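Please open the model in a viewer and keep the selection panel at hand. The stops below say what to select next and what is to be found there.

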Amino acid sequence: MRTILLSLLVLATSHAAQQGEKQIVVISHRGEHLHHPENTMPAFRAAVEAGADFIEVDVRTTADGRLVLQHDATVDRCTNGHGQVSAMTFEEIRKVDAGAKVNAEFAGTPVPTFEEVLEFAHGKIGVYIDSKQISAKDLVTAVAQYHMEDNVVVYGGLNLHREVQKLNPRIKIMPESENVEWATKFLDELHPQVVAFDARDFKDEVIAVVRAANAGLYVDRLGLADNIPMWEDAIRRGATGIQTDHPAGLGRFLRERGWHK
């Protein structure tokens, strides 16, 4: 009996140690955008202050080839301007106000360039690149210019991921999991270090395939799913990173459990 009790104690201690060593990545969705204009420098500065590990940014290309941040295909929702990002010049994009719609405090906030964000993030925070409309060559060139190769993850389509890997294999690609068949295909071909999940494809059978490949799981927990029970559920099922609209709250929750520094 004594031997059995000792064995159980060792197992429990080992399990506790493993749990304490778990470190979950906090990804701030569009920066800290609940109190700041999304995809802007104020939102990114607030994400750093909140203790996030990554900021998620949406990158598009202007008509004259500049890389700027904007989630939607148009500037209409987030700025006082109108028009398709891809049809506007950089000078036109810079004239719109990306802050006034949120609060007068942010009036005059410009749409940032991708390069400005990389320069800001260097040495402070990682960058989760949501590739809305950007070429692999432009992406890789910008990331290398600011020496961020080891501090970004790239979300996008399969062809973009292939090209990024060819141009600079140091840069981590992050395909969307989708389903078992799709995950099996890209895991065999690309061997990504991390895979993206949203609420739609965060299913046990897909999770199992990704975990068997020893890839990390970055899971969206947004909207109604952005709360403690759903964070706990994601981690219990294998998440190694969580994208959230509440970076400070998620960080606090994780630190209380020894899962974040």
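**Stop 1: a loop asparagine**

Select Asn 168 and display its surroundings: apart from neighbours within four places in sequence, Asn 168 is in contact with Val 140 and Glu 149, contact meaning heavy atoms within 4.5 Å. This is a predicted model, in which local features need pLDDT of at least 70 and side-chain atom pairs count only at pLDDT 80 or more, while totals for chains, interfaces and linings use all residues. Residues are numbered from 1 along each chain as its sequence is written, and side-chain values use heavy atoms, with hydrogens and water left out.

Asn 168 belongs to the loop between helix 6 (158–167) and strand 6 (172–173); helices (H or I, at least four residues) and strands (E, at least two) are DSSP runs, numbered from the N terminus. Its relative accessible area is 13%, so Asn 168 is buried. Here buried means under 20% relative accessible area, exposed over 50%, and partly exposed in between (1.4 Å probe, protein chains only).

**Stop 2**

After helix 4 comes Gly 123, with a positive phi near 80°.

Now select Phe 114 alone. Beyond its neighbours within four places in sequence, its contacts include Val 57, Val 59, Leu 67, Ile 129 and Val 143. Phe 114 is also among the residues that touch the most other members of the largest nonpolar core, which has 56 residues; Leu 118, Val 127 and Phe 197 are others in that group. A nonpolar core is a set of buried Ala, Val, Leu, Ile, Met, Phe, Trp, Tyr and Cys residues joined through side-chain atoms within 4.5 Å.

**Stop 2: helix 7**

Select helix 7 (180–190) and colour Ala 183, Phe 186, Leu 187 and Leu 190, which are buried. They lie on the same side of helix 7 because they cover an arc of only 105° around the axis, the arc being that of the directions from the helix axis to the C-beta atoms. The face turned away from this buried side carries the exposed residues Glu 181 and Asp 188. Among the elements covering the buried residues of helix 7 are helix 6, strand 6, strand 7 (194–197) and helix 8 (204–212).

**Stop 3: two residues with positive phi**

Which backbone angle of His 147 is positive although it is not a glycine? It is phi, at about 55°. His 147 sits in the loop between helix 5 (136–145) and strand 5 (152–155), and is exposed, with a relative accessible area of 57%. Glu 178 likewise is not a glycine and has a positive phi, of about 65°. Glu 178 is found in the loop between strand 6 and helix 7 and is partly exposed, at a relative accessible area of 35%.

**Stop 4: an exposed glutamate**

Glu 105 is exposed, with a relative accessible area of 61%. A distance drawn from Glu 105 to His 36, C-alpha to C-alpha, is 9.5 Å, although the two are 69 residues apart in sequence.
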